[in-house]
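Good morning, colleagues. Please look at the sequence and the model on the screen while I take you through a few points.

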Amino acid sequence: MRLAPTAYRFAKGHRLRIQVSGGAFPRFARNLGTGEPHATATVGHATRLEILHDDAHPSVVTIPAR
């Protein structure tokens, strides 16, 4: 999945943490895992997140530095 570009200026010596999660309600809209519209969805089911990171399925986060 390709994310929209964004920008943030880190102070010297600061670190970056990447978090992958399946839910952060109410901060973000619920994902019931059904594909139904968020506003009218009523049924949810458990979902599974999988991060592939082997030679056949490389994952990458690119952080350009200037």
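This is a predicted model: local features need pLDDT of at least 70, side-chain atom pairs count only at pLDDT 80 or more; totals for chains, interfaces and linings use all residues.

Does Tyr8 count as buried or exposed? Tyr8 counts as exposed, because its relative accessibility is 64%, and the cut-off for that class is over 50%.

The model has 1 aromatic pair. The pair consists of Tyr8 and Phe10 in an edge-to-face arrangement, with 4.9 Å from centre to centre and 65 degrees between the planes. Phe10 has a relative accessible area of 40%, so this residue is partly exposed.

Both residues also belong to a nonpolar patch on the surface.

I now move to the protein as a whole. The secondary structure comes to 0 helices and 0 strands. The radius of gyration is 16 Å, whereas the globule rule gives 11 Å for 66 residues; the protein is therefore more spread out than a compact globule. Along the principal axes, the C-alpha atoms fill a box of roughly 45 × 30 × 20 Å.

Finally, the surface. Of the 66 residues, 3% count as buried. The accessible surface of the protein is about 7,300 Å², and carbon and sulfur atoms account for 54% of that area.

Definitions and conventions. Residues are numbered from 1 along each chain as its sequence is written. Side-chain values use heavy atoms; hydrogens and water are left out. Rings of Phe, Tyr and Trp (its six-membered ring) pair if their centres lie within 6.5 Å; planes under 30 degrees apart count as stacked, over 60 as edge-to-face and the rest as tilted. Buried means under 20% relative accessible area, exposed over 50%, partly exposed in between (1.4 Å probe, protein chains only). Patches are made of residues with over 30% relative accessible area and no salt bridge: like charges are joined within 9 Å, nonpolar side chains (Val, Leu, Ile, Met, Phe, Trp, Tyr) within 5 Å. Accessible areas come from the Shrake-Rupley method with a 1.4 Å probe; for residues, only the protein chains shown count as cover. A salt bridge is a side-chain nitrogen of Lys or Arg within 4 Å of a carboxyl oxygen of Asp or Glu. Helices (H or I, at least four residues) and strands (E, at least two) are DSSP runs, numbered from the N terminus. The radius of gyration is taken over C-alpha atoms; the globule rule is 2.2 Å times the number of residues to the power 0.38.
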